[in-house]
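Student: Could you walk me through this structure piece by piece? I'm new to it and would like to ask as we go.

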Amino acid sequence: MKYIDEYRDGRIARALAKEISDRATQHWVLMEICGGQTHTIMRYGLDELLPSQIELVHGPGCPVCVTPLGTIDKAIALALRTDVTLVSYGDMLRVPGSNSDLSRAKAQGADVRVAYSPIEAVKIARANPERKVVFLAIGFETTAPANAMAAWQAKREDLRNFSMLVSHVLVPPAIRALLASRENRVQGFIAPGHVCTVMGFQEYESLVRDFTIPIVVGGFEPVDILESILMLVKQLEQGEARVENQYVRSVTYQGNQPAQQILKDVFEIADQKWRGIGVIPRSGLQLRPEYAVHDANTIFDLQLITADEPAECISAQVLQGLKKPTDCPAFAIRCTPENPLGAPMVSAEGACAAYYHYRRHAVTAGETTHG
Amino acid sequence: MADQAKTIVELSCPAPLPVRDTVLLGHGSGGKLSAELVRDVFLPAFQNPTLSRLDDQAIVSVNGSRIAVTTDSFVVKPLFFPGGDIGSLAVHGTVNDLAMGGAQPLFLSAAFILEEGLAMDVLRRVVSSLQRAATAAGVQVVTGDTKVVEKGKADGLFINTTGIGLVPDGIDMSANRARPGDKVLLSGAIGEHGIAILAQREGLEFETTIESDSAALHTLVAEMLSVTGAIRCMRDPTRGGLSSALNEIAAQSRAGIELDECAIPLREEVRGACEMLGLDPLYVANEGKLIAIVDSSLAGDVLAAMRNHPLGQQAQIIGSVTRRNSGLVTMRTPLGTTRIVDMLAGDQLPRIC
């Protein structure tokens, strides 16, 4: 399959791993931001190919994992109302809220539907004028334009029974927060290629400048990730700090401007809480006031629900790359995908789930991963 | 122990949810939740040695004859899909469960649960398809039942079929019989049924229509058993896909199974659809494929027999049974690294990005 096979080619991958090994003269800590990249690293066992000098830590880029507990609780409370149809992306259904999750709410009779696209939620609203249809709009800059489009469409049609419970997060402020932390160990970032397909990569210039750290915009196939690592290692070994683009088949400097425009039209930047991390200033999106009639936070009385994240949760450290999932004493013992203790164990893109699904044989066999 | 409990409490990641007190959709996925249901609810209630084998069919002796019995319910939506419908599926599913025990399928029952308001024409089409599939498979529908429930209490119609067949002497296949060194054979490309259903349900269109692989496998099984009766185990990887079927064999045989990703047949269209939908084809349902665990010295001959049959032309040896990683299925990736092929907890959740 074109654009897939050549990026999963074992020969190319091994050659890249060898070059990384040849170039890396010292220990480098690199972080891939996106959960999709974490998934690829684990699925293809890239840590087995890499030399011990390269330590990969996994970033906060699983949108499911960082959606705050309060948002999940609100979604469950809304779904349990008899007049509401709650529409969500599939992998939100099993994310635990304080006391339940959406799949259990569904089993209790809540009208919860899974959609691939927010436009499906708009269609449901159009076809069922007697139902209040709420779309759980989560994700990074990747899902945000489609969600914005749904709100825009609903406004244009004056579809009063459609609203969105928005919990959108932005990548650059999260990288800034990680780099500003005193505990930071990360020396180079693989920026998320899909986010940059939408946003371009001009916003990463200031991060590189302010923190003197190399950032490579990377794709999602094994060869993409290895090539991104090689580009980072080359920069680090030469003492450089630039933004580079590995994912040229999808990402341009300016990004997708119509998508950025609809984001600006529908959303405004706001402080945002990240599950396991806390509030990061100006790191989220909320609906503009002119979309208030489509804002579930405004039209439903949800103010009573204020779930707080336990401060000592290890998922915070996992999401910031300070700890590996396998450092958690509950990993694979008390915390499994069937009984997740935290969100990173639920979504396929969560670092804990990726380790659990693909790599726990290496851990149990004593062939510990590098780092 | 107390210390460990304390650590876990202190972790207080988002609180663990209590033991499941309601049935979730995931309990029907063929993954770990389904296995839990069988282990915690059904096995303790009906405890007996035949049931605890947990094979696709029960094999019981009556007056010296070995009789295979199996039952399956069909709740597929949509009722009609490219490559089949709920009627033909109700025959193929049950015939295949008999065939996986090496049985020659003989008789079927068919029970219909109909929803008030179902168009009679739809029912007629389904019944006629079921009849054609049964005739083609050489089985007779010898008994049946009908119930009608109120509108909204069923999705058009549900079918349950029970099958009876005879197991020839000298055949003893069970999921606990895999031994280190055995080969894992797969009869053809995976994921076609699941993707055909999903595409139809979601209104997804591809350049070529992906058809369900729904088919009766008993003649293929007969060809394979004519090579040797010593095949250790067969499974049809339906719900939960290749992964669930192999994980069950690994667990019950207390052995590891190591697959070679490059050897697993997968049609480009199915692969493309899975890429697009964020699904792993290893977990997508099949209705006309089988896995066989075969002693390595016989694997080549069995493979040749499979390839001579129309339903096994793309058969491949996809891996082997190992002593290490007992109870786990692992897979060598195209990069030469190894990863786990886990059993999913519930249904595969489409990924957000």
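**Cores, sheets and ring contacts**

Tutor: Let me start with the largest nonpolar core, which has 88 residues, and in which those with the most contacts are Leu78(A), Leu102(A), Phe162(A), Met164(A), Phe189(A), Tyr204(A) and Phe267(A). A nonpolar core here is a set of buried Ala, Val, Leu, Ile, Met, Phe, Trp, Tyr and Cys residues joined through side-chain atoms within 4.5 Å. Buried means under 20% relative accessible area, exposed means over 50%, and partly exposed lies in between, with a 1.4 Å probe and protein chains only. This is a predicted model, in which local features need pLDDT of at least 70 and side-chain atom pairs count only at pLDDT 80 or more, while totals for chains, interfaces and linings use all residues, and side-chain values use heavy atoms, with hydrogens and water left out. Residues are numbered from 1 along each chain as its sequence is written, and chains are lettered from A and ligands numbered from 1 in the order in which they are written.

Student: OK, sheets next. What is the order of the six strands in the open sheet of chain A?

Tutor: The order is E4-E3-E5-E6-E11-E10, and the pairing is mixed; two strands pair if DSSP finds at least two bridges between them. At the edges are strand E4 (111–114) and strand E10 (267–274) of chain A, each of which pairs on one side only. From one strand to the next the twist averages 25°, with axes being lines fitted to C-alpha atoms, for helices over the stretch in contact, and angles running from 0 to 180 degrees between N-to-C directions.

Student: How many bridges join E10(A) and E11(A)?

Tutor: Seven, in the antiparallel sense, and Gln272(A) has Ile280(A) in E11(A) as its bridge partner. Helix H7 (residues 118–127) of chain A packs on this sheet, touching E3, E4, E5 and E6 of chain A, and its direction makes about 175° with that of E5(A).

Student: Then what about the sheet of five strands?

Tutor: That open sheet of chain A has the order E2-E1-E7-E8-E9, with parallel pairing. E2 and E9 of chain A stand at its edges with a single partner strand each, so one side of each is left without a neighbour in the sheet. Helix H12 (residues 222–237) of chain A packs on the sheet, touching E1, E2, E7, E8 and E9 of chain A, with its direction at about 170° to that of E8(A).

Student: Switching topic, how many aromatic pairs are there over all chains?

Tutor: There are five. Rings of Phe, Tyr and Trp (its six-membered ring) pair if their centres lie within 6.5 Å, and planes under 30 degrees apart count as stacked, over 60 as edge-to-face and the rest as tilted. The rings of Phe201(A) and Tyr253(A) have centres 5.2 Å apart and planes at 90°, so this pair is edge-to-face.

Student: Are those two buried or partly exposed?

Tutor: Phe201(A) counts as buried because its relative accessibility is 10%, whereas Tyr253(A), at 35%, counts as partly exposed. Another pair, Phe331(A) and Tyr356(A), has ring centres 6.3 Å apart and planes at 75°, so that pair is edge-to-face. Phe331(A) and Tyr356(A) are buried.

Student: And chain B, where is His92(B)?

Tutor: His92(B) is in helix H4 (residues 86–99) of chain B, and at 12% relative accessibility it counts as buried. Leaving aside neighbours within four places in sequence, His92(B) is in contact with Ala133(B), Ser214(B), Ala215(B) and Ala216(B).

Conventions. Helix = DSSP H or I, 4+ residues; strand = E, 2+ residues; numbered from the N terminus. Contact = heavy atoms within 4.5 Å.
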